Amino acid sequence: MSDQNHAPTARSKPPPPGEEEAGAVLKLGEFQDVDTLTLSEAALVINALMAKRRKDRKDRNETDVLVKTLDYLDSFARFKQKENVEAVERLLSAQKELTKYERAQIGSLCCDSADECKTLIPSLADKISDEDLQELLDEMAKLMST
């Protein structure tokens, strides 16, 4: 056996858990009441900002991270037309029993069924009936196909 020095094999210690948790009970810490956007809303906002910067010839700040973010949003935003994004936002905003975070998650995930939605967003369990949630999801699905 040799006496060579080896790099430590132990993994670095993970950071301590924060207050944030999106489980059956939402614990969003300092983000509890922050306005939350769906992926489609974020895509609209960032694309509009970038269009304005290009028009004003201030596009020097298009970083690699920004370009990758836009690519991600363009891939995963379910609603592409501004009118549909706004209609979904109105549908979700009418659900006053839900938190801003929950509404944004519903609008981003676009689940097929209430059961799937409640599985992915556990905090919805006792806040909205399966029938009401399914009706909301069906209305959103109509806007995806137009």
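**Reading a predicted fold, feature by feature**

Buried residues make up 28% of the 146 residues in the protein, and the model from which this share is computed is a predicted one.

Me: What share of the contacts between residues at least 6 apart in sequence join residues at least 24 apart?
Reply: Contacts can be sorted by the separation of their partners in sequence. In this protein, 59% of the contacts between residues at least 6 apart join residues at least 24 apart. As for the surface, the protein exposes about 10,500 Å², and carbon and sulfur atoms supply 52% of that area.

Me: How should I read the largest pocket, and which residues line it?
Reply: A pocket can be described by its volume, then by its lining. The largest pocket holds about 150 Å³ of space, and its lining consists of Asp35, Thr36, Leu37, Thr38, Glu41, Glu89, Leu92, Ser93, Lys100, Arg103 and Ala104.

Me: Is Val85 buried or exposed, and what is its relative accessible area?
Reply: The relative accessible area is compared with a cut-off, and buried means under 20%. Val85, which is found in helix α3, has a relative accessible area of 4% and is therefore buried. Leaving aside neighbours within four places in sequence, Val85 is in contact with Ser40, Glu41, Leu44 and Phe79; of these, Glu41 is also one of the residues lining the largest pocket. Val85 and Met144 are 59 residues apart in sequence, yet their C-alpha atoms are 9.3 Å apart in space.

Me: How many aromatic pairs does a search of the whole structure find?
Reply: An aromatic pair is read from the distance between the ring centres together with the angle between the planes. The search finds 1 aromatic pair, formed by Tyr72 and Phe76, with 4.8 Å from centre to centre and 45° between the planes.

Me: What are the relative accessible areas of Tyr72 and Phe76?
Reply: Tyr72 is partly exposed at 44%, and Phe76 is likewise partly exposed, at 45%.

How values were computed: Residues are numbered from 1 along each chain as its sequence is written. This is a predicted model: local features need pLDDT of at least 70, side-chain atom pairs count only at pLDDT 80 or more; totals for chains, interfaces and linings use all residues. Side-chain values use heavy atoms; hydrogens and water are left out. Buried means under 20% relative accessible area, exposed over 50%, partly exposed in between (1.4 Å probe, protein chains only). Contact means heavy atoms within 4.5 Å. Accessible areas come from the Shrake-Rupley method with a 1.4 Å probe; for residues, only the protein chains shown count as cover. On a 1 Å grid over the protein atoms alone, a cavity is a set of points where a 1.4 Å probe fits but cannot get out, and a pocket is an open set with protein on both sides within 12 Å along at least five of seven lines; lining residues have an atom within 4 Å of a point. Grid points are joined across faces, edges and corners, and a volume is the space filled by probe spheres set on the points. Rings of Phe, Tyr and Trp (its six-membered ring) pair if their centres lie within 6.5 Å; planes under 30 degrees apart count as stacked, over 60 as edge-to-face and the rest as tilted. Helices (H or I, at least four residues) and strands (E, at least two) are DSSP runs, numbered from the N terminus.
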